[in-house]
Amino acid sequence: MINVKKMSIDELNELAKKIRERILDVVSRKGGHLSSTLGAVELIIGMHYVFDVEKDPFIFDVSHQAYAHKLLTDRWEEFESLRQFGGISGYTKPSESKYDYFSAGHSSTSISVAVGAAKAIKLKNEDRTPVVLIGDGAMSAGMVYEAMNELGYLKLPVVIILNDNEMSIGKPIGAISKYLTKLKAGKFYQGFKEKFKNFLEKMPKDLKYTAKKMEEFLSVNGVFFEELGLEYIGPIDGHNLEEIIETLKIAKELKKPVIVHAKTIKGKGYKEAEGYYEHWHGVGPFDIKTGKPLKSSGLSATKVFASKLLELAKKDEKIVGVTAAMPSGTGMKELMQAFPNRFWDVGIAEQHAVTSMAPMAKEGFKPFVAIYSTFLQRGYDQIIHDVCLDNYPVRFAIDRAGIVGADGETHQGVFDVGYLRIIPNMTLFAPRDFATLEKAVEFAYNYDKGPSAFRYPRGAFELEEGIFEAKDFELGKAEVLVDGKDIMLIGYGNGVGKAYKVLKILKEKGIDAGLIDLRFVKPFDEELFKNIKAKKWYVISDNAKKGGIGEMLSSFAKENRLHKYIKSFEYPDKFIPHGSVKEVEKYLGVDEESIANEILKEING
């Protein structure tokens, strides 16, 4: 581990420069998060300088900005394997390093984690201080305020560094803010404020109002936080190591909950990424000199979804939509630009996003909720309680379904089939290629009988265009794509493409295999499945096996005494590591070659 505590300010600044160079070098070649992690380098060095990572819980919100932390804690060389299969994670991960206190990949959990850690530390009577690094974007989620509300009441020692990279401070305001910050951070001010509060309580009622206003003026930068019971220091320059270290030392000494407000620049140290540019948040490999990507992204399911929805929205003003902090990632950015009064980004607030669309449906609109599979989990109660209970026709467009690649365990979109299938009133379906994705958007648009959800993968589908004709979706109807007597391959969504590749391998081996596109999971085509002659069914879909399609079909077959052999090649009951889709599926034994070999082994004995 790099010992920063013995370094001078000049040495620390030189270290910050080397860390940025290392991050840029690796991310430009391997891909990863960039602008947010470049902007947090000095803050993380300051954390390591003032606190003891060996004992103090270092808690990173989302943790995509924690690359500097990884480099400081024995992973400088290993950083070369960032987000590669078998390599280190792009997020904090306790199983990877003892210096990673908590797993994170979803936003706005950090202060809750810190509160829990602080409670445990108090019960154990230990001298340790949880320190949180949280971005301003994460402050849009309600969970943050739930945690701060309790923390302000308990008054446990927690230092929260608010990394604010959204707004710049003008020179006049900045000068005043710096002066107030130094005043407020000093022991004189802290002592004065306590005495002032005691004095305030003893004042006559007619003078208390004026005195209270004076107190609010002294706390002008942090009124909100201080009303919650947290001390506020800031804003400070989040790239000035001397100022960061001085402020964090004071915050630590206060032995109470403290917000340290730090202003930073996203992409600091790399001109092309400096400032608020959403496309620099997460990047694929790129040319450092030009900033241009090394590979063209090509057509994606996200683009096809957005294009089709935009086409429909131009014709029908009843179409509205929402996303939660991912306008570009879900394709909703184009719709927000075209119809700013009908499409919204609500920030990192999936629960609010889901519930807010229920009354839109009640009022006769046609709402689309575009959220990644992994993030839709955060709005699960709202789907059940606010949408499905009263059967409102809210349409859920589930992006990033299946294995998402380098983001790994926290982001794999494998649970949505299981967690949505069990909810009454929900209709579930999935396209198999770009053409049927357009048909899926059309079906969702026209379906007003209740809530519906359709899923599609990150990037392109497995199935090439034009192999099968794209037919309209009919509620609860599957589609037989290839007849077969020996066995039947049953694909769902992107799994149809993989099943087709398996089918071609089996055909070459003389196996008369058929292929069905399930299309609907709920309701599904019971009549068709009652009349399938093949005795062996093999399920192929990019979702978790538990609660998945194989279990659904096995239960159906048992209830109807169909006497079928059913085997699922859905994902096993484990959290799935990061890596390319092909690498991960091969590791899990559910790539097309592994599936075909397993089936051939069973058939040939």
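Q: Is Ser108 buried or exposed?
A: The term buried means under 20% relative accessible area, exposed means over 50%, and partly exposed lies in between (1.4 Å probe, protein chains only). Ser108 counts as buried because its relative accessible area is 1%. Ser108 belongs to the loop between α4 and α5. Helices (H or I, at least four residues) and strands (E, at least two) are DSSP runs, numbered from the N terminus.

Q: On what kind of model do these values rest, and how are residues numbered?
A: This is a predicted model, in which local features need pLDDT of at least 70 and side-chain atom pairs count only at pLDDT 80 or more, while totals for chains, interfaces and linings use all residues. Residues are numbered from 1 along each chain as its sequence is written, and side-chain values use heavy atoms, with hydrogens and water left out.

Q: What is the phi of Ser108, and where else is phi positive in a residue other than glycine?
A: Most residues other than glycine have a negative phi, and most peptide bonds are trans. Ser108 has a positive phi, near 75°. Lys155 also has a positive value, near 60°. Lys155 sits in the loop between α6 (142-154) and β4 (159-164), and with 44% relative accessibility it is partly exposed.

Q: Which peptide bonds are cis?
A: One of them runs from Gly234 to Pro235, with omega near 0°; Pro235 is part of strand β5 (residues 231-237). Another runs from Lys522 to Pro523, with omega near -10°, and Pro523 occupies the loop between β17 (520-522) and α20 (526-530).

Q: What share of the contacts joins residues 24 or more positions apart?
A: A contact means heavy atoms within 4.5 Å. Among contacts in the chain with a separation of 6 or more, 77% are between residues 24 or more positions apart.

Q: Which residues does Pro393 contact, leaving aside its neighbours within four places in sequence?
A: Pro393 is in contact with Ala361, Pro367, Tyr447, Asp448, Gly450 and Pro451. Pro393 lies in the loop between α16 (380-388) and β11 (395-399) and is buried, with a relative accessible area of 11%. Its C-alpha atom is separated by 9.1 Å from that of Ala444, 51 residues apart along the chain.

Q: Where does Glu585 lie, and is it buried or exposed?
A: Glu585 is in helix α22 (residues 581-588). At a relative accessible area of 2%, Glu585 is buried. Leaving aside neighbours within four places in sequence, Glu585 contacts Ile403, Glu462, Lys498, Tyr571, Val590 and Asp591.

Q: How many salt bridges does the structure hold?
A: Side chains of opposite charge can pair when their charged atoms come close. A salt bridge is a side-chain nitrogen of Lys or Arg within 4 Å of a carboxyl oxygen of Asp or Glu. The structure holds 42 salt bridges. One of them joins Lys98 and Glu54 (3.9 Å, N to O). Lys98 is in the loop between α4 (67-72) and α5 (110-124), and Glu54 is in the loop between α3 (41-50) and β2 (58-60), 44 residues apart. Lys98 is exposed at 64% relative accessibility, whereas Glu54 is partly exposed at 48%.

Q: Which parts of the chain does the pair of Lys308 and Glu442 tie together?
A: The closest N and O atoms of this salt bridge, between Lys308 and Glu442, are 2.7 Å apart. Lys308 lies in helix α12 (residues 301-315) and Glu442 in helix α18 (residues 434-446), so the pair ties together parts 134 residues apart in sequence. Lys308 is buried at 7% relative accessibility, while Glu442 is partly exposed at 24%.
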